[in-house]
Amino acid sequence: MKTTVLAALLAVACTWARAEPAPRLYLTTETSAPYSMREGDRVTGIGTDMVREIMARSGIAYSIDLLPWKRAYTAALERSDACVYSTTRTPEREPHFKWIGPIGEAEWVLMGRADRRFDLKSLDDARAYRVGTYNGDARDQFLRARGFKVDPAPNDLINPRKLMMDRIDLWAASIRRGSLTLDRLGYTGKVVPVLVFNRIRVYLACNRAVPDALVARMNGSLEAMERDGTSRAIVHKYDDWGVPAR
């Protein structure tokens, strides 16, 4: 009897020893209000709230690090437990990640100074201009690959200042329809859209080593959020973001 009990206890102990540790993911993102930004000691924003809800529904522990885009992206490429958002899904990036989403959408817009005249019918019409980009992001890569004269910045919100100082002619921005980011930054009436040159969806992009079962669980959670209206509610939560208090 004692031998049987001991054998059973050893079997349970061996099972515990072989058990997979609870999944935990290292999530990275950039400062790109209102998608992701720091408020106090907490990272918030549309994309962040979407990702937090996905993690909660999926039962996955996580941490979020707010980094410059190139560091955030590189971490997801190199760390087996890492994912990065909000990431544009391009043919070049497709094989390097496992994808959860889309978690949002945006327009790529050429922005210019309001006191300058531009007559751009297509992206090709902008080839003569210096275009400010965000170093290492999808817009920068997209324009470089097509031979445009780009002037990358380490932080995308430097580009409106560069516009006003005539250091660039146009800024390749990614803007959610209805975004009040420029109003909040004080560029209302100074920086205006000139041409929408792409419409994109953004994702949570995970390292290829993240288990398929976790990826499926996260995509399932997102689908449930779409069905029950949670995703829509998160987006609308930020409708008044950037509107000054009266």
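Here is a short walk through this structure, from the whole chain down to a few of its parts.

What you're looking at is a predicted model, where local features need pLDDT of at least 70, side-chain atom pairs count only at pLDDT 80 or more, and totals for chains, interfaces and linings use all residues. Residues are numbered from 1 along each chain as its sequence is written, and side-chain values use heavy atoms, with hydrogens and water left out.

Let's start with the whole thing. The protein chain has 8 helices and 10 strands; these are DSSP runs numbered from the N terminus, with helices being H or I of at least four residues and strands E of at least two. Of its 246 residues, 46% count as buried, meaning under 20% relative accessible area, while exposed is over 50% and partly exposed is in between (1.4 Å probe, protein chains only). Now for contacts, meaning heavy atoms within 4.5 Å. Among those with a separation of 6 or more, 73% come from residues 24 or more positions apart.

Next, find strand S7 (residues 131-134) and strand S8 (residues 150-153), which pair in the parallel sense over 4 bridges. Strands pair if DSSP finds at least two bridges between them. To get from S7 to S8, the chain goes through helix H4 (residues 138-145), and this β-α-β crossover is right-handed: with the strands pointing away from the viewer, the path from the first strand over the helix to the second runs clockwise. Within the strand pair, Gly 132 stands opposite Asp 151 in S8.

Stay with H4 for a moment. Its buried residues are Ala 138, Arg 139, Asp 140, Phe 142 and Leu 143. What covers them includes S7 and S8, along with strands S5 (82-88), S6 (97-113), S9 (170-175) and S10 (191-207). Just after H4, Gly 147 takes a positive phi of about 80°.

Now turn to helix H2 (residues 46-58) and helix H8 (residues 230-237), which pack at an angle of about 150° with their axes 9 Å apart. Axes here are lines fitted to C-alpha atoms, for helices over the stretch in contact, and angles run from 0 to 180 degrees between N-to-C directions. H2 and H8 are therefore roughly antiparallel to each other, a label for angles over 145 degrees. On the H2 side, the residues that meet H8 include Ile 46, Met 50 and Arg 57; their partners in H8 include Thr 230, Ile 234 and Lys 237.

Finally, look at Ala 114, in the loop between S6 and S7. Ala 114 is partly exposed, with a relative accessible area of 39%.

Terms used. Parallel < 35°, antiparallel > 145°, perpendicular 65-115°, else oblique.
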